[in-house]
Amino acid sequence: MAVLLLASKLVHLPVVSVDSGEDVAEIKDVIYSPEEGRLLGFTLNKRGFLKGRMSEVLPTELVHAVGEAAVMIDNDACLIDPSAASDDVAKPPANRNVLGNSVVTDGGVRLGVVTDLVLELGRSFAVTGYQVKAEDGSHRFVPLLSQLAVSGDVLMVPAATEEFIREELSGFELAVDKFRAQTGHGAGHPS
Amino acid sequence: MWIAIVALVVLLMVVVLLEMLRRRRRSGGIIAAPRRKH
């Protein structure tokens, strides 16, 4: 069974080298592809009180494991220079932070505001949906299949998404599977 | 005496400002990669 995790839990987690056992960095940004429905990588902070951003980045292909307490890598060489990484990870556009974005269906219904991203660990870091805060203040989970558009402040999703919104993360995985089965798409293969 | 107090306040303000800048630089986000053109 896959483990669902909120992406915000990864922010500020230490990046630990399996070889040395030392924490070599800290997660800054989580970068994902809404099109492919998967996590792409991380930008990093240096460890320490007065340290700032680290120039190296960490693509998900070089992640050894992700746990509640740390993101594990094989060794320091897994933190690569941005020139060796894909543009999406090397130069993440700052204006595409989805936290606080409105989620709107193509039927014109506003589902809420994004408060987090739901990741599925185990299936190559698939992104399964968003946690949104609805108008009434409640938190809900919205499945991600294919996103019609991501602008600076709005995420557009298909109207069929509404039917599969869940209030608990526990039933969310099943809802995502049903949603994908109904629309005829597997994880990471949007239309 | 007053000069020392003013200097201390200014120093404190600078430290607070630097800490705010540091937190801003270190704060993380969840970023959507741009859509690829097919």
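In chain A, residues 24 or more positions apart make up 50% of the contacts that have a separation of 6 or more. That is where I will start with this model, which is a predicted one. Chain A has 191 residues, of which 37% count as buried. Its secondary structure consists of two helices and 13 strands.

On confidence, the predictor gives the complex an ipTM of 0.81 and a pTM of 0.81. Chain B has an average pLDDT of 86, with 92% of its residues scoring at least 70.

Next, the domains. The assignment for chain A gives domain 1 as residues 7-94 and domain 2 as residues 96-183. Their C-alpha centres are 24 Å apart. Twelve residues from domain 1 of chain A and 13 residues from domain 2 of chain A take part in the contact between them. On the domain 1 side, the elements giving two or more residues are S3 and S4 of chain A. That side divides into eight nonpolar residues, three polar and one charged.

Strands S3 and S4 of chain A come up again when we turn to chain B. Between the chains, 26 residues of chain A are in contact with twelve residues of chain B. On the chain A side, strand S3 (23-33) and strand S4 (38-45) are the elements that give two or more residues. S3(A) supplies the largest share, seven residues. By type, the chain A side holds 15 nonpolar, five polar and six charged residues.

How do S3(A) and strand S1 of chain B pair, parallel or antiparallel? The sense is parallel, over three bridges, and the chain B strand covers residues 30-32. One pair to look up on the screen is A:Val30, whose bridge partner in S1(B) is B:Ile30.

Chain B also has a helix, H1, at residues 2-26. H1(B) has 25 residues and spans 36 Å from first C-alpha to last, close to the 36 Å expected at 1.5 Å a residue. How many of those 25 residues are buried? The count is zero, and the helix is hardly covered.

Back to chain A, and to strand S9, residues 110-121. S1(A) and S9(A) run antiparallel and are joined by four bridges. There, A:Leu4 stands opposite A:Glu120. Strand S8, residues 102-105, is also antiparallel to S9(A), with three bridges. In that pairing A:Ser102 faces A:Val113 as its opposite residue. S8(A) and S9(A) form a hairpin with four residues between the strands, and A:Gly108 in this hairpin takes a positive phi near 90°.

One last residue. Most residues other than glycine have a negative phi. A:His12 is not a glycine, yet its phi is positive, about 75°. Where does A:His12 lie? It sits in the loop between strand S1 (3-6) and strand S2 (14-17) of chain A. And why does A:His12 count as partly exposed? Because A:His12 has 13 C-beta neighbours inside 10 Å, and a residue is exposed at 12 or fewer and buried at 20 or more.

Terms used:
Residues are numbered from 1 along each chain as its sequence is written. Chains are lettered from A and ligands numbered from 1 in the order in which they are written. This is a predicted model: local features need pLDDT of at least 70, side-chain atom pairs count only at pLDDT 80 or more; totals for chains, interfaces and linings use all residues. Two residues are in contact if their C-beta atoms, placed from the backbone, lie within 7 Å. Ala, Val, Leu, Ile, Met, Phe, Trp, Tyr, Cys and Pro count as nonpolar, Asp, Glu, Lys and Arg as charged, and the others, Gly among them, as polar. Two strands pair if DSSP finds at least two bridges between them. The expected span of a helix is 1.5 Å times one less than its number of residues. Domain bounds come from an automatic or database domain assignment. pLDDT is the predictor's confidence in each residue, from 0 to 100.
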